[in-house]
Structures are given as structure tokens and as C-alpha cells.
Amino acid sequence: MTIADSINLAEQPTAEGGFTSSVYGPVHSWRLGWSLGVDLLLNTSTCSFNCVYCQLGDIQLKTANRAIYVPTEKLERDLRLSQWEKADIITLSGNGEPTLALNLGEVIRFIKEYTQKPVMVLTNATLLNDPTVQRDLALADQVACKLDAATDGVLQRMNRPVAGVTLEGIISGIEAFRRGYKGKLSLQCMFMPTNSEDVDALTGLIAKISPDEVQLNTPKRPYPMEWVVDSRGNHSEPLVKSQQLRTISEAEADRIEQLIREKAPNLPLISIYRK
Ligand code: SF4
């Protein structure tokens with residue numbers, strides 16, 4: 001499917017006679033329990049990064065421009081029709097970077113009022129220097145920021161950002177948001193051989209930011225060779241032809257954990273190898 005073909009997917013009927021919902025799950029997550037997913041991108045994979053390990057595959061719309069990709073009215077309708085009562089938490093993630101959605105704040109307000117459940121946003125932190133994005137994110141109970149690189153070289157190789165995104169901008173954005181945020185701030189760090197050279201510096205950065213929690217991960221899901229809307233979920237088997245990625249070993253994860261514990265002894269840490 002090309003971007004042009006997919007632009008109106010949000011309102012297209014499916015083969016089963018339903019419609020493509022902006023709400024999915026709940027799906028089980030090793031970090032969150034039962035999590036209901038909210039997808040404010042939906043029409044195609046849309047992100048300011050194009051991570052080498054992304055479960056969406058090669059990002060189709062690479063952009064740092066905020067826009068309304070899914071109207072708030074559609075999200076409201078989809079949420080009412082979903083199984084939201086079964087969820088422990090409602091997570092904004094989906095088919096790309098949620099802070100690109102210009103209606104993010106409006107949507108978080110509605111979800112919290114309607115469900116009375118905690119809301120979490122997973123973000124790549126590339127837009128966190130924008131005060132409007134900070135205000136939107138401040139409405140969430142939890143924000144998890146991606147941080148995989150400690151140098152611009154690794155950022156370019158591993159996260160492959162759109163032009164203009166720098167590590168300095170990402171770090172200053174996280175720190176600025178951290179200063180005013182009252183909720184729980186996590187850092188999610190993906191480790192692969194690609195960023196192994198950055199481990200020492202990265203653990204130093206983690207200690208400096210001093211989040212409420214750090215989550216160590218390695219890409220166990222294979223990389224899909226094409227995008228399908230359902231890639232946003234948590235599937236035990238690949239949905240399309242996929243390719244395995246190089247992960248770090250449990251011993252390497254232990255070494256990273258140890259380094260973080262030396263630099264930030266009181267920082268709560270969860271690791272994919274200890275789930
Ligand atoms: S930030 Fe997330 S959605 Fe964007 S490319 Fe990376 S893994 Fe994929």
C-alpha cells in the first residue's frame with residue numbers, strides 16, 4: 001500500500017464490513033499488563049524516526065510535522081466501541097510517533113474523563129522541546145521516552161531521524177519536560193550491536209536524566225518487510241515476511257544493568273531478560 005492509497009484508511013470499511021479502528025487490543029505487555037492501544041497515526045506508519053528495529057518496518061511517512069491524522073471524533077467513537085473496560089492502562093503508541101498528532105492533548109483529556117484509567121504515551125522524544133507538546137504530554141500519567149543513542153553517529157545509524165533532529169535537542173527536550181512533569185517518566189533503551197559502542201556514555205546519560213524508571217530492551221520481534229496496520233499490536237507470529245534482528249545476549253544485558261546500577265544505584269530498572 002502506498003501513502004496515497006492509505007490516506008483515508010481511517011474511514012475505509014474493511015473486508016469484514018467493519019472499519020479500521022484507531023483503538024486496538026487490549027494486548028498484553030511485559031511492562032504494562034493489559035494495555036489498550038490508541039493509534040493517532042493509523043493511516044500509514046508515520047514517525048520522525050525510522051528505527052532499524054521498528055516493528056512497523058520501514059516508516060512510510062517520515063516527518064516531524066504535527067497534524068491531525070485521526071480526528072478526535074473518530075477516536076471517541078472507536079473508544080466507546082472498544083473493550084476498554086478490560087484494560088489496566090491505555091497506551092498511545094500505534095503506527096508511529098504519537099506526539100505528531102496535533103490533537104494529542106484533546107484525546108488524552110477525553111480518554112481520562114471517559115474511562116478513568118491511567119494513560120501512558122510512548123514517545124521518541126524528538127518533539128519534546130516544543131512547549132505545546134510538553135503541555136499535551138503533561139496530561140498523561142506516564143510518559144516513556146525512547147533513548148537508544150549517546151552520540152549523533154549512533155542516532156543516525158540506529159534511529160535514522162528526519163533532518164534537523166539531533167541528540168542534543170532530544171536530551172534537552174527530555175530534561176526540560178522532566179523538570180515540570182508530575183507523572184512517571186521512564187526511559188526505554190533498546191540495545192543491539194549497533195549501539196554497543198555507546199553503552200558507557202548512554203548509561204551516564206540515563207543517570208544524568210534520572211528518570212523514575214529505566215527499561216532495558218533488545219529487539220526480539222523480527223523486522224517486517226512491509227507495513228500493515230495491524231503491526232501496531234503485539235503478535236507472537238510475524239504478520240508479513242520479516243527478518244530477524246541482531247539482539248544483545250543476556251550476559252550483555254546484565255553488564256549494562258550493572259553499569260547503570262553503578263552510576264544510578266537507586267534507579268528502578270526493568271529488563272526484558274527478567275520479565
Ligand atoms: S520511534 Fe517507534 S515508531 Fe518511530 S521508527 Fe522508532 S520504533 Fe518505529
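How many bridges join β5 to strand β6 (residues 119-123)?

Analyst: β5 and β6 are joined by 3 bridges, and they run parallel. First, some ground rules. Residue numbers start from 1 along each chain, following the sequence as written. This is a predicted model, in which local features need pLDDT of at least 70, side-chain atom pairs count only at pLDDT 80 or more, and totals for chains, interfaces and linings use all residues. Helices (H or I, at least four residues) and strands (E, at least two) are DSSP runs, numbered from the N terminus. Two strands pair if DSSP finds at least two bridges between them.

Now the pair itself. Leu-92 has Val-121 of β6 as its bridge partner. Between the two strands comes helix α3 (residues 104-115), and β5, α3 and β6 make a right-handed β-α-β unit. Right-handed here has a set meaning: with the strands pointing away from the viewer, the path from the first strand over the helix to the second runs clockwise.

β5 (residues 89-92) has another partner. It runs parallel to strand β2 (residues 33-38), with 4 bridges joining them. There, Leu-36 stands opposite Ile-90 of β5.

Two loops by β6 deserve a look. Most residues other than glycine have a negative phi. Gln-116 has a positive phi, near 60 degrees, and sits in the loop between α3 and β6. Ala-125 also has a positive phi, about 65 degrees. Its place is the loop between β6 and α4 (131-137).

Are these residues buried or exposed? The test counts other C-beta atoms within 10 Å of a residue's own, placed from the backbone: 20 or more means buried, 12 or fewer exposed, and anything in between partly exposed. Gln-116 has 7 such atoms, so it is exposed. Ala-125 has 26, so it is buried.

β8, helix α7 (residues 199-209) and β9 make a right-handed β-α-β unit. β8 and strand β9 (residues 213-217) run parallel and are joined by 5 bridges. Leu-187 has Val-214 in β9 as its bridge partner. β8 also pairs with strand β7 (residues 142-146), in the parallel sense, over 5 bridges. In that pairing, Gln-142 stands opposite Lys-184 of β8. Strand β8 (residues 184-190) is largely enclosed by the rest of the structure, because 5 of its 7 residues are buried.

Next, the ligand. A residue is near it if its C-beta atom, placed from the backbone, lies within 6 Å. The residues around the ligand include Cys-47, Phe-49, Gly-96, Glu-97, Asn-124 and Lys-146.

Finally, the whole. The protein has 8 helices and 12 strands. Its radius of gyration is 18 Å, close to the 19 Å that the globule rule gives for 275 residues, so it is as compact as a globular protein of that length. That radius is taken over C-alpha atoms, and the rule is 2.2 Å times the number of residues to the power 0.38. The C-alpha trace spans about 55 × 40 × 35 Å along its principal axes. Of the 275 residues, 40% are buried.
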